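Thanks for coming. Please have a look at the model.

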Amino acid sequence: MIAVAGEALIDLVPETVGDTSAPLLPVRGGGPYNTAVALARLGSATAFCSRISTDGFGAMLADRLREEKVDLALVQRGPEPTTLAVASVGSSGSAEYAFYCQGTADRLFTVPGALPDGIRAVSFGTCSLVLEPGASAYEELMHREARLGRFVALDPNIRAGLIADADAYRARFRRLLPSVSLVKLSDEDARWLGGDIAGWLEAGPSAVVVTRGEAGLTVHTRTGGAYSVPGEPVRVVDTIGAGDTVNAALLHTLAERELLSADALAGLSADTWRQILGFAARAAAITCTRAGAEPPFARELPPPAPAEQVGPAH
C-alpha cells in the first residue's frame, strides 16, 4: 500500500473557462487528494492520511475516497470548515488559485500513531507543507517514516500566494530532502525553489523528476544521468491535477516493479526511466483532456513496457 499525506480541499472552478462571471462549481481536490485518487484508479492499494472536515464539503471529499476504494483509516475528522481554493483557468488551460484556509480542518492535522506495516511508501506535498500547525506535523511524520526505512516521495507543488516567508519555506524544503527518495516538481516550482537540482540530489533524493508541460518530463539522477520523454499531444481542457497524476503514475509504476527504495531508484537505467516517464506523461495527458482533476483508470492506459533487469544507469 502507498499512503498519501496532505490536504483535501474544494476547488471552486469556473463553469466556463475564461469567463470571470461564470458560476463556480465545487470540485473535490488538493494535490495529495488528487494523487491518492489517481493511484487508486491506476490500481495501487492506497491510503489517505489527512484531516477532513465533518461539514458538507468534507463529506463530499470522504465519499469520493470511499468510491475510489482509498483506505480512510488514517484520516482524522474535525468540525472545522473545509479549505476552499478559487481557481481561475486561463485560455491555455493553466490554473491559478486563491485560498480560503483560516482555521480549516486540513491544517490542524496531528502526527498519527504508527502506520500499518503494509505501507511501503508515503507521498507528501502541496499546501500541507506550508500551513501551520499541520505543516510541522507532516514534516515530523516524513522524518519518522524515513527513519523507519519507508520510501518517501515529495511534490512541493508551490502555491506562492500561501507562502508568507519564501526564504523560510525554501529552508524547510532543504531540511526535508535528507528524508526524501524521490522529488517530483514542475519547472516553475524548480525555479521558485532556486533551481539547484544538483544540490538537492546531493542532499538526499535518488532522483528529481521535473515536469515541463507540453514539453514532457525529465528525470535527474544522483548518478548524474538526465533522461527525458516528450509530452503527449492532446487538446487541453485544463491542467488541474496533471502534476498529481504524474506523481501517482511514477509511484504506481515503481511499486509494480518493486523499485520503492532509494537504492533501487539509484540503479535504474536510462531505458527504464524513459518507460516510467512515458507512462506518467500519457496518464497526465488524459487528465488534461478533462475538466477538473479527473485522472485516468488503468484500463485507459497501455501499461509501461516490460521492466528490464535493474542495473547501473548509463
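Phe151 touches Arg120, Ala121, Val122, Ser181, Leu182, Leu251, Leu254, Leu259, Leu260, Ser261, Ala262 and Leu265, leaving aside residues up to four places away in sequence. Bear in mind that this is a predicted model. Phe151 belongs to the largest nonpolar core, which has 53 residues; together with Phe48, Leu254 and Trp273, Phe151 touches the most other members. H9 supplies the largest share of this core, 11 residues. There is also a second, separate core of 41 residues, with Phe109, Val130, Val183 and Leu185 among them.

On to the helices. H7, residues 242-256, packs against H9, residues 270-288, at about 145°, and the axes are 8 Å apart. The crossing is right-handed. Contact residues include Leu250 and Leu254 from H7, and Phe279 and Ala283 from H9. By type, the contact has 12 nonpolar residues, 4 polar and no charged.

Now the charged pairs. The structure has 16 salt bridges. One of them joins Arg41 and Glu294, with the closest N and O atoms 3.1 Å apart. Arg41 is in H1 and Glu294 in the segment after H9, 253 residues apart. Arg41 counts as buried because its relative accessibility is 10%, under the 20% limit. Glu294, at 29%, counts as partly exposed.

Glu294 also forms a salt bridge with Arg64, at 3.5 Å from N to O. Arg64 lies in H2, so this pair ties together parts 230 residues apart in sequence. Arg64 is buried, at 4% relative accessibility. Through shared partners, Arg41, Arg64, Glu68 and Glu294 are joined by salt bridges into one network.

How values were computed: Residues are numbered from 1 along each chain as its sequence is written. This is a predicted model: local features need pLDDT of at least 70, side-chain atom pairs count only at pLDDT 80 or more; totals for chains, interfaces and linings use all residues. Side-chain values use heavy atoms; hydrogens and water are left out. Axes are lines fitted to C-alpha atoms, for helices over the stretch in contact, and angles run from 0 to 180 degrees between N-to-C directions. Helices (H or I, at least four residues) and strands (E, at least two) are DSSP runs, numbered from the N terminus. A crossing is left-handed if the near helix is turned anticlockwise from the far one by less than a right angle, and right-handed if clockwise. Contact means heavy atoms within 4.5 Å. Ala, Val, Leu, Ile, Met, Phe, Trp, Tyr, Cys and Pro count as nonpolar, Asp, Glu, Lys and Arg as charged, and the others, Gly among them, as polar. A nonpolar core is a set of buried Ala, Val, Leu, Ile, Met, Phe, Trp, Tyr and Cys residues joined through side-chain atoms within 4.5 Å. Buried means under 20% relative accessible area, exposed over 50%, partly exposed in between (1.4 Å probe, protein chains only). A salt bridge is a side-chain nitrogen of Lys or Arg within 4 Å of a carboxyl oxygen of Asp or Glu.
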